[in-house]
Amino acid sequence: MAHAHQHESIEQELECVSQVPIFQRLAADQLTSVAQMTRPVVAKKGGTVFSTGEVSQTLYIVNVGQVRLYHLAEDGREQVLRVLNPGDFIGEIALFTDEIHSSYAEATKDSELCTISRASLTALIKDMPQLSMALLGALADRLKTAERQATLLAIPDALPRLAGYLQEISGHQAGTIDLPMSKQDLAAYLGMTPESLSRKLRQLVKDGVIETIGRRQVKVLDSSALAAVAPE
């Protein structure tokens, strides 16, 4: 389980909030104000940050480590919605509505997060109106990402689904890309089994489209061949 951490200085909180795009345009004194309102939380690998059914009244920002957000389907299978890396955050919808978490958040590595309560963030927005525009921009980006995932999941064949994802994160260019999540989580994100993902990756390797490097890197060798496999 994640648990709050006592702290003496705000150095860790400053480091945490300064990584977040919505806070990066703030002046130094404003950034300090944000940091003073945050509370550090640590979650061990495999620990739960929050669970479905809990009331969401907190903004969670990843400072160190990684957190995955997932739904459980009726058949018990996990559907990964997002993987949060340092600087990513979740829970901003709680600012606008009394939201009940409909997903689980779990640390995939030993993680440090900083949290800001709904009341504190609302107060900050009143003092710093530019924050509301930054938050709206972040929500728009989140919506675009969710729409792209829904579009990929609607593709019945797993190979074009994977090719479309690789095309998107490579920016439609040849070159080496870091996968933002483990292959197991990527399989769940794309709605396929880990075995199916491995087979499709091997097929793209065999066809000379990509090369896999270690566990978390893919090199796109032929972007036009990848585009030919990806959906229109």
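The model is a predicted one. The sulfur atoms of Cys 16 and Cys 114 lie 2.0 Å apart. A search of the whole structure turns up one disulfide. The bond ties together distant parts of the chain. Cys 16 belongs to helix 1 (residues 11-18), and Cys 114 sits in strand 11 (residues 111-117). The two cysteines are 98 residues apart.

Are these cysteines buried or exposed? Cys 16 has a relative accessible area of 1%, so this residue counts as buried. Cys 114 has a relative accessible area of 2%, and is therefore buried as well. The cut-off for buried is under 20%.

Now the sheets. Strands of a sheet pair through backbone hydrogen bonds, in a parallel or an antiparallel way. Two bridges join strand 3 to strand 10 (residues 104-107), and the pairing is antiparallel.

Another open sheet has three strands, in the order 12-14-13. Its pairing is antiparallel. Strand 12 (175-178) and strand 13 (210-213) form the edges, and each pairs on one side only. From one strand to the next, the twist averages 25°.

Follow strand 14 (residues 217-220) through this sheet. Strand 14 runs antiparallel to strand 12, and four bridges join the two. Ile 177 has Val 218 of strand 14 as its bridge partner. Asp 178 stands opposite Gln 217 in strand 14. Four bridges also link strand 13 and strand 14, again in the antiparallel sense. There, Ile 210 has Val 220 of strand 14 as its bridge partner.

Strand 14 can be read face by face. Val 218 and Val 220 make up its covered face. Gln 217 and Lys 219 make up the uncovered one.

Which residues does Thr 176 contact, leaving aside its neighbours within four places in sequence? They are Ile 213, Gln 217, Val 218 and Lys 219. Thr 176 and Cys 114 are 62 residues apart in sequence. In space, the two are 31 Å apart, C-alpha to C-alpha.

The helices come last. Two packed helices are described by the angle between their axes and the distance between the axes. Helix 5 (residues 158-169) packs against helix 7 (residues 194-206) at an angle of about 70°. Their axes are 10 Å apart. The angle therefore makes helix 5 roughly perpendicular to helix 7. Helix 5 contributes Ala 158, Leu 159, Leu 162 and Leu 166 to the contact. Helix 7 contributes Ser 196, Leu 197, Lys 200, Leu 201, Gln 203 and Leu 204. By class, the residues of this contact divide into seven nonpolar, two polar and one charged.

Helix 5 also packs with helix 4 (residues 130-153). Here the angle is about 150°, and the axes are 9 Å apart. Helix 4 and helix 5 are therefore roughly antiparallel to each other. On the helix 4 side, Arg 148, Leu 152 and Leu 153 make the contact. On the helix 5 side, the residues are Arg 161, Gly 164, Tyr 165 and Glu 168. This contact has three nonpolar, one polar and three charged residues.

Note on methods
Residues numbered from 1 in each chain as written. Predicted model: local features only at pLDDT ≥ 70, side-chain atom pairs only at ≥ 80, totals over all residues. Heavy atoms only, no water. Axes fitted to C-alpha atoms, helices over the stretch in contact; angles between N-to-C directions. Parallel < 35°, antiparallel > 145°, perpendicular 65-115°, else oblique. Contact = heavy atoms within 4.5 Å. Nonpolar A, V, L, I, M, F, W, Y, C, P; charged D, E, K, R; others polar. Disulfide = S-S within 2.5 Å. Buried < 20%, exposed > 50% of the residue type's maximum accessible area, 1.4 Å probe, protein only. Pairing = 2+ DSSP bridges.
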